[in-house]
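User: I am new to this structure and would like to learn how to read its features one at a time. Could you take me through a few of them?

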Amino acid sequence: MKRRTPPNRSPEPGDTDSPPPRRKTLFWRLFANYFLLILIPVIVASVLAQVLVVRIIEKDAERFNQVMMNRFSEQTDTELQSLKTSMINILSTSRLRSVLLAPMASSPESQLLPELLHSLREQLQQLESDDLVERAYYYFVHQDLMMDAETYTNKAYYFHSHYPLDLNRRHQLEAELSGKKMMDFMDTPDTLTASMSYPFNTAAPEVYLLVEVKRDKLQEKIHIPESWVTGTAIVDDTAKVIAQNGLTEQDQLALQQRIRTEGIASQFTISDKTGLSFMASGFDESWHYISMIDLGTLMKPVYMTRWICWLFLLFFLIVGALASYYLSRRLYRPIREIKDGLKLHHAPNGEVGHEENEFDVIKRYSQFIMTENKELFQMVNGMLPIVQEQFFTKILLGQYRDALSIEYYAKEIEFAYSHKAARTVLCISFHYDPTVYESASESTKTFLLTELKDKIHRLAHGMVWICQTRPDLIACIVEHGPITENYPEKVAEQVRDVFLEYGAYYKATIGIGKTVHAIEELHQSYEHALAMLKYRGLHSAVEICSSQPSRELQQWDSFLSVQEVQRILNQYKTREYDKLLHSVLALLEEGTGKDASAMQMKYLLADVLNTWIRAVESERNELNVPYYSGLFERMNRCMTWDELTCCFTEIHGFLFRKPTSSSRGQQFMEIVEYIHEHYDQELSIEHFAGMLNMSIGHFSRTFKEEVGEKYVEYIAKYRLMKAKQFLLETDLKIDEIAEKVGYWGRNSLIRAFRRYEGITPAKYRSFHQ
């Protein structure tokens, strides 16, 4: 048995070697704890700091690059879309159609062709005023005719003298001009040309509008002024570079090779020492905007952060070693006494402190897990109403028709219901007033719909389930007792009162389905309620359609007879416009008397409106499809008899405008006075012809008979008279004078002067001064 050493006794010679190994063990234990508690978090923090700095820099660069790319891509897309719109507007006018349909030179009416060609050239001049446009010209497929803003001539002379092209380039151009084109780009080493065919929807066009785009302007649009952005470009799906800024030929080849091998990604990508950012073009689906980033310039802060982290780690390592050494010397003697004391009290290996630390860790992590589970539980509870609404929707749409599957899915989403109960589906089709509803924000629309659902849910005393099966349809499932009489009808009346409170936004139709007694049969009640919606009338803004409708579809003929259509056409030809309106009002009055349904009445009125449009277009030949489509949409939004009456009165007033009671000579004198007052603006012959309900040819002939000169020549001579006054009475420049008298540029004014005066404006001013 060992002999115990008294506390105050000096160590024996055999004990002198024992303390240093124990102090060394204590040192390594302290240093190990320090390593686990301090150094590992510091190392992790250093690594995370480097990773986070890299990610932050990449994210910031990506975000800033995205913002810059969004800006120049939107600007470029807007410019190109504006150019496309201008090209479509030019081709959509009746002037080009009139040129294609113009008579031959031997016809007496061939005198109109110069006017039409002059009008087309003015449009090309307007198109060339765009910053992106270098040149614009027409290529006539079936005619030996070329036209630009300066002249019109045959193809051989145009490509030889006016716009020189060698034979190979001309053949290449003509080969590409085939088939339907909707602003397709033809890229050559010298130019970037946009082409558009006319007529639009045909595979064999008659005319192509060609626009040469300024490459330098396009490059300016996509420039990003950042030091770490080496260049930008526009490429298509075939890796063809449409335009670039700052890229060398080597960069372009590398970019094309990468796109061909890896494809075009939609996010920020990094490869080697170069970063690429792709963005799809909103103008052309095959185009992509690309910015190339120099990662060496971008990652300079990362290298400095790395050196700081290494110095930080070295500092903590030295501090930890010194602290461990100091504490091991200070704590060695008390620890030995504690360990000896634990041995006396049979402490197991002296690891009480270590067990307490583990308990603290377990306790801390347990609290963390409990907190996380509580948040997850709250999140799941918040999603349950949305999941349950989707569950109701699938039942109503007939996707779940088996009682066992419905029961299984209901348990999964914690939805309790009785298997057998009387239930009725109310389908609420709501219609909104676009003048008020569409002006509201998306948040307001969401709040309105949520508030409606909440009020409907609080109406009934029994169980009510609500889901939205379509954007404009709410289904309300009402559960009621089998002996409750007319309970669905009472709920429907309460829902009607709710919608009347929102009359400024909504009008609604409430269809009541049949009552079913099993949840798997709810789709039958839903389908029946949908069928009831077609019996809506036009007497109320919010109407209830019960399961026994009072209106029968066979009581009303929903289409016009051939005799009625012919009568409307004859009344239009004889200019009996009042009778056209009176006949519609009579139909509305008859429908009111018979209490016709909204669907029946709108079918009939759509037939009437279609006949009116056919009658009007038989003379105008200028079909305005978007406007006429808007007329049908406006009619379909009408929910009452008064709205239909007001709608057709306004449509009648627009389609059948009567000319003023003044004589034809007085009308043309008013047009001449308007020209004198607005000579500096665009004076379209189509505008005046449409105002007098005449065709362009008829208006031109009548203008010459009444005024004594052709319409185009009269305007040109009057503008020249005003230009002469400005030349002799002011010091304005030629460009300013051209703008003041209604020309798009000085070239147009110079051509007009040469045609009518034989000299240029500058020579005219110097000669007379």
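Analyst: A residue is called buried when its relative accessible area is under 20%, and exposed when that area is over 50%, with partly exposed in between. The model shown is predicted, and in it five of the seven residues of strand β10 (residues 274-280) are buried, so β10 is largely enclosed by the rest of the structure.

User: Which strand is joined to β10, and how many bridges join them?

Analyst: Strands pair if at least two bridges are found between them. Here seven bridges join β10 to β11 (residues 287-294), and the two run antiparallel; Leu-276, for instance, has Met-292 in β11 as its bridge partner. The two strands form a hairpin, with six residues between them.

User: What is the order of the strands in the open sheet, and which strands stand at the edges?

Analyst: The open sheet has five strands in the order β13-β14-β12-β15-β16, with mixed pairing. Because β13 (463-470) and β16 (542-545) each have a single partner strand, one side of each is left without a neighbour in the sheet. From one strand to the next, the twist averages 20 degrees. Helix α13 (residues 442-457) packs on this sheet, touching β12, β13, β14 and β15, and its direction makes about 150 degrees with that of β13.

User: Where is Val-44 found, and is it buried or partly exposed?

Analyst: Val-44 lies in helix α1 (residues 19-92), and it counts as partly exposed because its relative accessibility is 42%. Val-44 is also one of the residues making a nonpolar surface patch of about 1000 Å², together with others including Phe-35 and Ile-56.

Technical notes: Residues numbered from 1 in each chain as written. Predicted model: local features only at pLDDT ≥ 70, side-chain atom pairs only at ≥ 80, totals over all residues. Heavy atoms only, no water. Patch = residues over 30% accessible without salt bridge, like charges linked within 9 Å, V, L, I, M, F, W, Y side chains within 5 Å. Areas by Shrake-Rupley, 256 points an atom, 1.4 Å probe, with all protein chains shown as cover. Salt bridge = Lys/Arg side-chain N within 4 Å of Asp/Glu carboxyl O. Helix = DSSP H or I, 4+ residues; strand = E, 2+ residues; numbered from the N terminus. Buried < 20%, exposed > 50% of the residue type's maximum accessible area, 1.4 Å probe, protein only. Axes fitted to C-alpha atoms, helices over the stretch in contact; angles between N-to-C directions. Contact = heavy atoms within 4.5 Å.
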